[in-house]
Amino acid sequence: MNSIAGAVRGRWTRRWTGRGTSAPGIIALFVLAILCTMALFPALFTGLDPLATDVSVILKPPSWAHIFGTDQVGRDVYTRVVYGAGYSLGVGFGATVIALVVGVVLGTLAGLVPRALDGVLMRGVEIVMAFPEFLVALFVIAVLGPGPVNVVIAVSVAAVPAYIRVARAETLVVRRAGYVEAAKGLGVHPVWITLRHIIPNTLAPLSVIATIGIGTAIVAAAGLSFLGLGPQDPTPEWGLILSGGRNLLAVAWWVAVFPGVFITATVISATVFGRRLRSRGTGGLR
Amino acid sequence: MRGRLAATGGGEPSLGLRLAARLGAMVVVVWGAATLAFLVLRLVPGDPVDIMLGVQGQASPAVKDAIRADLGLDRPAFEQYFSYLGRILTGDLGRSYQLRLPVVEVIGQQLAATVQLVAVSLLFALVLVVLGALMFGGRRSRIIVGSLELVAISSPPFWIGLVLLAMFGFGLNWFPVAGDDGFRSLVLPSLTIALPVAGILGQVLATGMADARAQPFALTATARGIGARRLVLRHTLRHAALSAVTLSGYIVGSLLGGAVIVESVFGRSGIGRVTLAAITQRDLPVVMGIIILTAVVFVIVNLMVDLSYRLIDPRLTLSAVAIRGVR
Amino acid sequence: MRLICSARRVLGSAALIAGVALMASGCASPQAGSPDASPRAGGTITFAVDVDPVGHLDVHSSQLDINAILQRPVFDSLVSLNPDGTIVPWLAKSWIESDDGLRYTFVLRDDVTFTDGAPFNAEAVKANFDHIVAPGTASAQASSMLGGAFYAGTTVVDDTTVQIEFLQPFAPFLKNAAAVQLGFYSPLVLAEHADELKAGGPGISVGTGPFTLSSYTPGSELVYTKNPAYNWSPEGAAHQGAAVIDTLDVKILPESAVRTGALTSGQVDIIGDTAPASLAQLGDAYNIISTKSPGVPYSLFLNVTRPVFANVAERLALAEGFDLNAAVKGVFQDRYERAWSTLSPTTPNSYDASLEGSRPFNSGDARALLDAQGWTGRDSEGFRTKDGQRLSARWISYTPVSEDNASLAALVQDGMKKIGFEIVHDVLEPGAYLDAYIAGNYDLTDWGYLSADADILRSHLGTGGYQNASHVSDPAVDANLAAAVATTDPAKRAELYKALQQYNADAIATLPLYVPEYVLAAGRGIGGVTVDINGWPQFTAAYTSR
């Protein structure tokens, strides 16, 4: 829900995942690999159609034929969850990439432009950061209106300030580094320096935050879908499937429980994996 | 830490100067939020009057023009902006399009319910964290608690709510599933918000306590023959609380963001429900009011955090804490 | 009206009769309440509903059903409509209709006062009806119930006599006069708080009813307090005099599972708009009153001006192409009936039962129809094509779409996909929906329209009608609609409406899907709750023994 949560998750999970080779890290990688395969090739995991209805098997509990049971129109919940991976990972990945790109561009700029301009930009970032990220996403939806594309935009807008801050901080450090000063002395064009030296150096720590941020974005997007502000039925999206099951808890728990398990598993894996990336020395949170 | 505005750094300016700087920063945040809210209103596509009338409104153009003039929407943008700022200073946040009531009244009616929910959630989170620290201090149990914390942080709050509802509401019938009456109806919603917060706090606290245990004062205390539990309660917990306090911005965010979802899942009234309704119905004056309210809450919390640093550990200065903060 | 008292309609229509007979003791006078409940004066009844009419509390301009339900305790009408369609005196002691059908003269009760002390008289009636038609009120529903363009005006004859005049005979008027939309505000409120009616609340939502609204928290709660002076229940009502309970507490609980849970845990006494899925949870301890809504059933409207539905063949293919019986049965867990006619079975004096069973599921025939129309190609996704164009229809709905309707839509889409007909379901925000609706930029849209009079077909099938989403324009249809609204002869009206239902069954301008029901579930110890023709609760006689 929040990049701070992501950062904290990443930072503090170190304690129990251990520093060197760790079973959790390997499991996380394995789970992520499965989820990504599921997202790209759902048909490998199920022979059914996520939209195919069957009124003869409405709200049937898990069985061999339907391992996660069936929903209110007899669709196979497992198949819908499998196909939902593509949608949910896509949104999480898409929103994170947008936030990363915008964050790097604005953050690098802020680190390079004159102080006054930097100050204005950073005050703006601070004002946005005064709001809980989920509320920021909600406010963006209030402006743009609901819809699947707007959910991606809303989630990335909410995440952007954190990336701007880190990119700016990294830029401030890198621009004073010896090799950058040397390049300047050699008369290399500033744009080239920025592209060649500064941005690549900010990317390393940002990629760690982004890995964890994907999990955060997935939860935020699922939350918006759950509130009915994202894609609409019958799209197999985890938050939406879960939302469809919320009034059926007393009669059919499986509709709401399984997509939730998948969201949680995805976020945990992304977090643990992001932590692993960092401990390999690709960068660190400051 | 996010949004720390008074990261002055350098030497220690006088208290008066610091206070002035902080107050100035608070005003900037609220003013910025108000401006942002105004821009939100201007950016929204579509005629505000049409949005206000909704699907049902089959009003004549004359009636629409009258409403427009009434709201001052026919005047130039900058004039609207300044009269809007002026009204905010006098505590007037405008009228809700949908509820046809003053925004201050709309928020005021619902504030108590949300404050209650958030307060109890925070209490639960703290209790959970302290219990976890006291009862599972050992290395092995720490792994279990750590795993639980990771699950709590990683689960979507609406899902936690639904699972709690299914287990303790519908399944075991221990707690009422809905309503605003009494403490019992607060238990499940508060727990839903409290679990992720407790997860974060627990992880931060655990690290802080590990650091604290290695501090000389802990050794001295142990040498004096103080019990392990007592050591935790009297010394390490306090030490570790510092790092947790720096997270308060995030925690307030979780509490408020959680309120939106929890109030909707559990059918409670409150600011979260008002926010969601205002967003789905494009009730922009209410959205603006909530933005300003959130900004005010944020600056107040930040101020309280700074004060509490001194209470928890008088040795530390503001800037020293800021460096320790988690971003 | 047929009142379905039992929640257990699992055995199909043959068992239905037996079921109704079994429940006859509890059902004859529609009442909720367990046999063990013994009446006790005073106390509080808590009633949970799904939404509140935020910002639409003015009975004269609001079109929300929930507003009509929640304002009924506060507002009375001239007459009262019984569930069987008969009309009895209420605030009017008697009335006379002129022979030409243009003038209604009402003689009012002289002992009625508003809860703010103002007397109810002919001036009050005139002030209210004037308010309904005033342009500033922007009333669509109430003003059309008052005759719309046919309404001429209201005249005060003396303190207790008032005349309503029309430019042409308007048959539905008496039935409409019983609705809360034509209820009466205190003239003091209309004079001083006219601009606050939409916001509503204590001191503003003031009528002559058995309760006064004593507190309103939008999105959360409405509290009503008994009006001790009330002594003007409709003629023949089981309970005369002031309400039995002291307080009616209405809670807004949007989630149906939460409402059901609140009932089963005893937090609330009665829940409204109970979802079929929730009914499965409630056992015998709960009294369930289910009432089929009169008016236009929940239907698909086929836009006949668009290429895909310009010919009746494609429309028929939609009607026969998917298994509607099974879909309704599945989604509503055997509790709602599929609809056969564009009028619901409970619409008084109009329903054509001969249409029942007239068009069974026949995907073979639907395929043949589409083949004959030249939709013989297939694209990569398996949809039919003609001249490279995919056979596709755009269905628009506005948010929020209920879960049950979303499920039904999924079944319609999937069923039609099997015969190669693509249905794209676009769920739009109200604003975007209105734009698309007014521009006619859709092939299908959906709704049900509650109405106690079959005249509702005029706006749905008449040329240029506001709800004519199908864009049908047929002089014969218009003539029948005009004749039906102008005649007060019940037999003649019934014949005309039957012809219109037959027309729609052949032309398929609308495809009726299911008959919605308003379902109340009451807990142990609650009794005396009656329902009106819409199945909406009336609390004057309600009691709690807890």
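Which residue in β7(C) is the bridge partner of Ala92(C)? I looked it up and found Leu108(C). I note at the start that this is a predicted model.

**Entry 1: around β7 of chain C**

I began with the pairing. Strand β6 (residues 92-97) of chain C runs antiparallel to β7(C), and 5 bridges join them. The two strands form a hairpin, with 5 residues between β6(C) and β7(C).

I then looked for another partner of β7(C). Strand β9 (residues 161-166) of chain C pairs with β7(C) in the antiparallel sense, again through 5 bridges. Phe106(C) has Val162(C) as its bridge partner in β9(C).

Next I followed the side chains along β7 (residues 103-108) of chain C. Tyr104(C), Phe106(C) and Leu108(C) point to one face and are buried.

**Entry 2: an open sheet in chain C**

I traced 6 strands of chain C in the order β16-β23-β15-β22-β20-β21. They form an open sheet with mixed pairing. Which strands stand at the edges? They are β16 (337-338) and β21 (422-428) of chain C. Each has a single partner strand, so one side of each is left without a neighbour in the sheet.

Helix α13 (residues 403-418) of chain C packs on this sheet and touches β21 and β23 (510-515) of chain C. Its direction makes about 155 degrees with that of β21(C).

I also checked one pair within the sheet. β15 (residues 295-302) and β22 (residues 444-450) of chain C are antiparallel over 6 bridges. Ser299(C) has Trp447(C) as its bridge partner in β22(C).

**Entry 3: Thr291 of chain C**

Thr291(C) lies in strand β14 (residues 287-292) of chain C. Is Thr291(C) buried or exposed? I count it as buried, because it has 24 C-beta neighbours inside 10 Å, and the cut-off for buried is 20 or more. Val515(C) is 224 residues away along the chain, yet its C-alpha atom is 9.9 Å from that of Thr291(C).

**Entry 4: a helix pair in chain B**

I turned to α5 (residues 103-135) and α12 (residues 271-280) of chain B. Their axes come within 7 Å and cross at roughly 135 degrees. That angle makes α5(B) oblique to α12(B). From α5(B), the contact uses Val106(B), Ile107(B), Gln110(B), Leu111(B) and Thr114(B). From α12(B), it uses Ile271(B), Gly272(B) and Val274(B). I sorted the contact residues into 5 nonpolar, 3 polar and no charged.

Methods
Residues are numbered from 1 along each chain as its sequence is written. Chains are lettered from A and ligands numbered from 1 in the order in which they are written. This is a predicted model: local features need pLDDT of at least 70, side-chain atom pairs count only at pLDDT 80 or more; totals for chains, interfaces and linings use all residues. Two strands pair if DSSP finds at least two bridges between them. Helices (H or I, at least four residues) and strands (E, at least two) are DSSP runs, numbered from the N terminus. Two residues are in contact if their C-beta atoms, placed from the backbone, lie within 7 Å. Axes are lines fitted to C-alpha atoms, for helices over the stretch in contact, and angles run from 0 to 180 degrees between N-to-C directions. A residue is buried if 20 or more other C-beta atoms lie within 10 Å of its own, exposed if 12 or fewer, and partly exposed in between; C-beta atoms are placed from the backbone. Angles under 35 degrees count as roughly parallel, over 145 as roughly antiparallel, 65 to 115 as roughly perpendicular and the rest as oblique. Ala, Val, Leu, Ile, Met, Phe, Trp, Tyr, Cys and Pro count as nonpolar, Asp, Glu, Lys and Arg as charged, and the others, Gly among them, as polar.
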